[in-house]
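Biologist: I would like to go through this model with you, one question at a time. Please show it first.

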Amino acid sequence: MHSDALFARTPPVRLFFLAALPGAVSMLASALYGIIDGVFVGRFLGSTAFAAVNLAMPFVVINFSLADLIGVGASVPIAIALGRGQHREANNLFTCASLLIVGTGILIGGALFFIAPWLIRFMGAEGEFARMAVEYLRVYAICSPLTTIVFAVDNFLRICGYIRGSMVVNILMSVSSAVLEFLFLGVFGWGVWGAATATCLGMILCALLAFIPFFRGKALLHFCGPRFSLGMIRQIVSCGSPNFLNNIAGRITSILMNLILVRAGGEDAVSVYGILMYVEGFIQPLLYGMCDSLQPAVGYNWGAGRFSRVRAIERCCFVASGVLSLLSAGVIASFPGEIVRLFVAGGTGEMIAMAVGALRLFSLTYLTRWFSFATQSYMLAVEKPVSASTISVSTALIFPVLLILLLWPLGLTGIWLNFASTSLLAAALSAVILVRLRGELGRPDQPA
């Protein structure tokens, strides 16, 4: 379906099902693979490998977040430019963003490979625990130039109306990575580097497949002779900064948490935190998939001056996010033991009891998490990067660090309560931002 027909004329509720549900299914596939990855590592390689992967993961995500900065940062102005009929500008943004992501992957991947041992030692890991973490991190660093672009091209496909194609690519990436990981770990008996290699190969395969419509010139966006400018780079960084800052701030918080957990509870505490992150890694992509899939439609209509349609689309996003979040809270609170045993079937009784208690507290997070998530996505789609960045940095870094200090007397219980408390504060902040921008966001449509 052509972008104008899809974004500008399809009724908002139908548009939600056409765009957001495939996006959620795509992210569901990714989330399921994230869980399978944790299960395979924990069961085939043991608890030390599971802890090592979780220790290295924040640095892996930081590497991907730089590509996400460019990909998301370009996607918003591309959608708005298309809504205004500025196709040449949109093509230039698309071309320059693709080149910037590959170049960034080379530079950051190279740096990460060489400093990996120092980073892991800084975290307090030693011996086999440290060796596995370095091994895992270095595979992602080597593959960085070819893997980091996969999330950006997903956005480009959806902007061009290839919503089902985007879904198929994401499902294929998850399935191929899972099959390869089972083969590498369960059949060949490879080490923790095999888990990272499986994921990277799945990403590379799907990135190449996703670019086929662009290489063949069949998509709405086309490669052109790149025209870089300081203003364009500033625009990309401005629009991509909320997601980037959220990723970076979140990883800084994870690193800080792991520093505390290694010293306060050792490998068991790091493993429990890893279980919470895997659960979050299942739910958050679903929220992201729904909200992010609607961003091209919101940006397109914002650029075309159809503000009432923007509000109608966002209402669908808020309602769906709330329903998903509340259901997630109920499931986590009802089945904490089953979730723990999924990852650490051979864990000690003390460790399993710690994880069950942590999950019950963690479930409270999703009573309010949906509101700040949907608000941040809304602000990003309508070019309010300062508001979106304020929510993202507060949620990922400022509130968690502040709460570490306030909840410190509670020990590890304070760490597990941190998530729900942060979510509540973020929801309050989002409500304040929406009230302050109510006049601008509620303006009447421009004449066609």
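Biologist: Does Gly231 count as buried, partly exposed or exposed?

Modeller: This is a predicted model, so the value is computed from predicted coordinates. Gly231 lies in helix α10, residues 230-264. Its relative accessibility is 36%. Buried means under 20% and exposed means over 50%, so at 36% Gly231 counts as partly exposed.

Biologist: How far apart in space are Gly231 and Phe64, C-alpha to C-alpha?

Modeller: Along the sequence, Gly231 and Phe64 are 167 residues apart. In space, their C-alpha to C-alpha distance is 24 Å.

Biologist: Is Ala396 buried or exposed, and which residues does Ala396 touch?

Modeller: Ala396 is placed in helix α16, residues 385-406. The cut-off for buried is under 20%, so Ala396, at 9% relative accessibility, counts as buried. Leaving out residues up to four places away in sequence, Ala396 touches Asn246, Ala249, Gly250 and Thr253.

Biologist: Are α12 and α15 roughly parallel or roughly antiparallel to each other?

Modeller: The axes of α12 and α15 (residues 369-381) come within 8 Å and cross at roughly 155°. The crossing is right-handed. Residues of α12 including Phe318 and Ser321 meet residues of α15, among them Phe371 and Thr375. Angles over 145 degrees count as roughly antiparallel, so α12 and α15 are roughly antiparallel.

Biologist: Is Ser423 buried or exposed, and which residues does Ser423 touch?

Modeller: Ser423 is found in helix α17. At 2% relative accessibility, Ser423 counts as buried. Not counting residues up to four places away in sequence, Ser423 touches Thr365, Thr368 and Arg369.

Biologist: Which helices are included in what covers the buried residues of α14?

Modeller: Helix α14 runs over residues 349-362 and reaches 20 Å from its first C-alpha to its last, close to the 20 Å expected. Its buried residues include Met351, Ile352, Leu359 and Phe362. What covers the buried residues of α14 includes α11, α12, α13 and α17.

Biologist: Which residues have the most contacts inside the largest nonpolar core?

Modeller: In soluble globular proteins, nonpolar side chains tend to be buried together. The largest nonpolar core here has 145 residues. One of its residues, Ile78, touches Ala90, Leu93, Phe94, Phe156, Ile159 and Leu221, not counting residues up to four places away in sequence. Those with the most contacts inside the core are Ile78, Phe214 and Ile275.

Key
Residues are numbered from 1 along each chain as its sequence is written. This is a predicted model: local features need pLDDT of at least 70, side-chain atom pairs count only at pLDDT 80 or more; totals for chains, interfaces and linings use all residues. Side-chain values use heavy atoms; hydrogens and water are left out. A nonpolar core is a set of buried Ala, Val, Leu, Ile, Met, Phe, Trp, Tyr and Cys residues joined through side-chain atoms within 4.5 Å. Buried means under 20% relative accessible area, exposed over 50%, partly exposed in between (1.4 Å probe, protein chains only). Contact means heavy atoms within 4.5 Å. Helices (H or I, at least four residues) and strands (E, at least two) are DSSP runs, numbered from the N terminus. The expected span of a helix is 1.5 Å times one less than its number of residues. Axes are lines fitted to C-alpha atoms, for helices over the stretch in contact, and angles run from 0 to 180 degrees between N-to-C directions. Angles under 35 degrees count as roughly parallel, over 145 as roughly antiparallel, 65 to 115 as roughly perpendicular and the rest as oblique. A crossing is left-handed if the near helix is turned anticlockwise from the far one by less than a right angle, and right-handed if clockwise.
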